[in-house]
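Please read the following report alongside the sequence and the coordinates.

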Amino acid sequence: MMTTLEAAWQRRSVLHELDGTTAYRLLNRAGDGFPTLSVDRFSTVLIANLYERTAPPYSLLQALADRAGALAVYVKHRPLQASGLDEQTRAQLAPEKPLLGRPLPRVEVLENGLSFLIRPAEGLNPGLFLDMRPARARLQKRVRNQTVLNCFAYTCGFAVAALNGGAARVLNLDISRRYLDWGRQNVELNGFSTVPTDFLQGDVMDWLNRLGRRGQRFDWVILDPPSYSTTRNSRFTVERDYPRLVAMAAKVVQPGGWLMACTNQEQLTLRAFLARIRQGLQGQPARIIRTEHEPELDFPVAPGGKPYLKVCLVRIGSSPAR
Ligand SMILES: C[S@@+](CC[C@H](N)C(=O)[O-])C[C@H]1O[C@@H](n2cnc3c(N)ncnc32)[C@H](O)[C@@H]1O
């Protein structure tokens, strides 16, 4: 009989064979029969996320590394809530040294032919959220000659996809200068020239206000906030503040343009999320066109479970929100 590990490997055979993609999920917790473990492949590096405070499963990870031809396996201990952790706790949760193999602090990966810089040794998140692969691909197909406002840009994965799809301009907003610099590197790595004014540091809420007051409008506005965020001047939670965020973002969408509203908060049902989006739209002409989830191929959902990622496409300025 096929082992659980073998079944997970076989399930992804299409991904193993893809020329232009070297980053995807190899094991997805209960969806692959490993409730407390997920493993991501970033080219020659594996990152194992542990969801329980137990010893890492060395032999399983070694077997997976051998199978994938990986040179290093790093471990991240996933806390229930990652925001507000101090530096020391973060360092303990995300050890700088690999658990197996040799240190590989930088690695370049491909996704649909696009390059991204990954830093496996730095912090809990190595630089690319793999569950957004279909959302990046979809955006790329729809933005030719259009302007994009990428809120909560992180390392600018959406910007890279949009520019590759021929976007006229992508403006990236994030609270972290370090992530924006990393994002600018990603954009340049793919052969696009950059200007500093397209990588703006600060609180998204402040920037949305400012852009709205200046009368700036975009064909696309992307909202992908963390579930919880605390900055020097503000606190944000998806559950409480998404309507306010949508209301502010909708004001900077060109009539006929698009809002891409995302959340990865598992506890928030799709229904509750859509209700927050509608509340934010406050009856203005808009239509929720479709909702997408994490890719089934490498993020299978456990039997009886529900997908956690929600990516909603909203057309602004057509008819009242439904
Ligand atoms: C979930 S990540 C976004 C992932 C990104 N959209 C992607 O697909 O790669 C959340 C990002 O929001 C940023 N952030 C958190 N609170 C913020 C705030 N109030 N204003 C601006 N950026 C914020 C964090 O620095 C982080 O880069």
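This is a predicted model: local features need pLDDT of at least 70, side-chain atom pairs count only at pLDDT 80 or more; totals for chains, interfaces and linings use all residues.

## Helix α6 and its burial

Helix α6 spans residues 157-164, and it is mostly covered, since seven of its eight residues are buried. The buried positions in α6 are G157, F158, A159, V160, A161, A162 and L163. These buried residues pack against both helices and strands, namely α5, α7, β7 (114-118), β8 (147-151), β9 and β11 (218-223).

Just after α6, the backbone at G166 takes a positive phi of about 90°.

## Packing of α6 with α7

Two packed helices are described by the angle between their axes and the distance between the axes. For α6 and helix α7, which covers residues 177-189, the axes come within 9 Å and cross at roughly 25°. Because angles under 35 degrees count as roughly parallel, α6 is roughly parallel to α7. The crossing of this pair is right-handed.

On the α6 side the contact is made by A159, V160 and L163, and on the α7 side by G183, N186 and V187. Sorted by class, the contact of α6 with α7 holds four nonpolar and two polar residues, with no charged residues.

## Packing of α6 with α5

The other helix pair described here joins α6 to helix α5 (residues 133-142), where the axes lie 7 Å apart and the packing angle is about 35°. The crossing of α5 with α6 is right-handed.

## The shell around the ligand

Which residues come nearest to the ligand? Of the 21 residues around the ligand, the nearest are F152, Y154, I175, D224 and S229. Divided by class, the shell around the ligand contains twelve nonpolar, six polar and three charged residues.

Most residues other than glycine have a negative phi, and most peptide bonds are trans. Against that background, N112 has a positive phi of about 45° although it is not a glycine. N112 is placed in the loop between β6 (107-111) and β7, and with 13 other C-beta atoms within 10 Å this residue is partly exposed.

A positive phi is also found at N145, where the value is near 60° and the residue is again other than glycine. N145 lies in the loop between α5 and β8. Is N145 buried or exposed? It counts as exposed, because 10 C-beta neighbours lie inside 10 Å of N145.

## Single positions elsewhere in the chain

T269 sits in the loop between β14 (253-263) and α10 (270-281), and it counts as exposed, with 12 C-beta neighbours inside 10 Å. Although T269 and K306 are 37 residues apart in sequence, their C-alpha atoms are 8.9 Å apart in space. R315, found in strand β16 (residues 310-320), is partly exposed, with 18 other C-beta atoms within 10 Å. R315 and W220 are 95 residues apart in sequence, with 9.5 Å from C-alpha to C-alpha. If neighbours within four places in sequence are left aside, R315 is in contact with W258, A286, R287 and I289.

N28 belongs to strand β1 (residues 23-28). N28 counts as buried, because 26 C-beta neighbours lie inside 10 Å. When residues up to four places away in sequence are not counted, N28 touches S38, D298, F299 and P300. N28 and A55 are 27 residues apart along the chain, and their C-alpha atoms are separated by 18 Å.

Conventions:
Residues are numbered from 1 along each chain as its sequence is written. Axes are lines fitted to C-alpha atoms, for helices over the stretch in contact, and angles run from 0 to 180 degrees between N-to-C directions. Helices (H or I, at least four residues) and strands (E, at least two) are DSSP runs, numbered from the N terminus. Angles under 35 degrees count as roughly parallel, over 145 as roughly antiparallel, 65 to 115 as roughly perpendicular and the rest as oblique. A crossing is left-handed if the near helix is turned anticlockwise from the far one by less than a right angle, and right-handed if clockwise. Two residues are in contact if their C-beta atoms, placed from the backbone, lie within 7 Å. Ala, Val, Leu, Ile, Met, Phe, Trp, Tyr, Cys and Pro count as nonpolar, Asp, Glu, Lys and Arg as charged, and the others, Gly among them, as polar. A residue is near a molecule or strand if its C-beta atom, placed from the backbone, lies within 6 Å of it. A residue is buried if 20 or more other C-beta atoms lie within 10 Å of its own, exposed if 12 or fewer, and partly exposed in between; C-beta atoms are placed from the backbone.
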